[in-house]
Amino acid sequence: MKNKFSIIIAAVLILFSTGCTKDWLDVNKDPNNAESATAELVFPAAVVSIAGQTGGYYNLIGGFWSQYWSQSNAANQYKFLDQYQVQSGDFNRNWQEMYANGLSDMEFVITDAKASGNTSYEFMATVMKAYGFAFLVDFYNNVPYSEAFQADAEAQNFNPKFDSGKAIYTDLIAKIDAAAALEMSQLTTAQKSADFIFGGDMDQWKRFANTLKLRMYLRMAYADEATAKAGVQKLYADNAEFLGTDAALKIFTDNEGQDNPLYASDRRKLNVATNLRVSSTIYRYYEDKGDDRLNVILGKSGKPMPQGGFNIPSTTLDPTSVAVFALAAEDPVYFISDVESHLLQAEAIARGWGTGDAKTHYDMGVNADFARKGLAAPTALLADGGAYAFPASGFEAQLEAIIMAKWAAFAGSQNAEAFFETNRTGYPKQSSTPAWDGPNEKI
């Protein structure tokens, strides 16, 4: 056996020492996979990778922590999220996909685009890298940034330092500005088709960049008001244009491997597809306001699940009577929606940092959400005296209305953003009343 094994090894060595100089092994090349990567080949994969996390598991977490859904009392899949018992390693896989794949690939796109003079892709990738890192900062605060992606560098670094959230935000904005100042290159038809977000429309990419900067500055409003104010004021002084359409991936279909990432993981992959029950928090809010969006989030007719009610006995609350939160395979993943864009502008104006009419943008944001859900405009709700009427005065009252409008609109779509805004502003206000306090409590 030893002699036979030695003969096989020798044959392999001879094959590689002599055959590698010839082309006869080239028949094994896969014509469907490129041997070298380019910006336009890597960019769409990087976008999908980032969207897979922000629109997938991080969106799932945001749904619990924004109290849009609660863990069913007939299963246990997400109890640890519903009760905030998160361990340090729970999101390792999601972090790795977002950081080591999506964002690392965006860094490659920037480098390759610079080398080839493809300034449009350099700008697009810079904006998406800024979006991704800002998301991680909002979730984790300090993350590796300035020394990131150096494992393959000449001076390898496998332990990049953690930078402060403020330092990362500051550098991301500077890099967006530098990339936006470039003269944009002309894109080929193939390069445009590789942009799943705007199809190579650089005007929309610039609007996306401006709206992302506006979001980032407003996130800094309580941490560094002077910088936030100056940044927003400069956007308006420069006549920056903001998104009037969604920056989103709308490519998903009802086919395995091609569907919305949250739908794929929660509905298609799990043995129990009824974990996510409509939370009593969002249910009662819509119900009290007479808001038709209640019917949109109900996966089936039914009552709500008290937030954190996963231990309610089935004899007290029949799981089959509780509504499952509606998710669809075709649901988009939103990076920044037109709804959010208008509400960001409303806040900037209400603060006195931007120009225009805050009420106009507030109403446009609310109307846009009803429209994308296929509902009639909530004219009565927005009218004077209506449940969603914009306060005529008082910044704090106006801010609360704006953030509550975001919270009501983001249910199921931009859950993490709703959670970030609650952390930033304190809205919705936290109640000291338990969601469920015994068998006599209304469910």
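Analyst: A salt bridge here is a side-chain nitrogen of Lys or Arg within 4 Å of a carboxyl oxygen of Asp or Glu. Side chains of opposite charge can pair when their charged atoms come close. This is a predicted model, and Lys129 and Glu107 form such a bridge, at 2.6 Å from N to O. Lys129 sits in helix H5 and Glu107 in helix H4, 22 residues apart.

User: Is Lys129 buried or exposed?

Analyst: Buried means under 20% relative accessible area. Lys129 has 9%, so it is buried, while Glu107, at 24%, is partly exposed.

User: Which residues does Arg219 pair with?

Analyst: Arg219 bridges to Glu417 at 2.5 Å and to Glu421 at 3.0 Å. Glu417 in helix H17 is 198 residues from Arg219 in helix H8. Glu421, also in H17, is 202 residues from Arg219. Arg219 counts as buried because its relative accessibility is 12%, and Glu417 does so at 5%. Glu421 is buried as well.

User: What network do they belong to?

Analyst: Arg219, Glu417 and Glu421 are part of a salt-bridge network that also includes Asp138, Arg215 and Lys406. The whole structure holds 28 salt bridges.

Key:
Residues numbered from 1 in each chain as written. Predicted model: local features only at pLDDT ≥ 70, side-chain atom pairs only at ≥ 80, totals over all residues. Heavy atoms only, no water. Helix = DSSP H or I, 4+ residues; strand = E, 2+ residues; numbered from the N terminus. Buried < 20%, exposed > 50% of the residue type's maximum accessible area, 1.4 Å probe, protein only.
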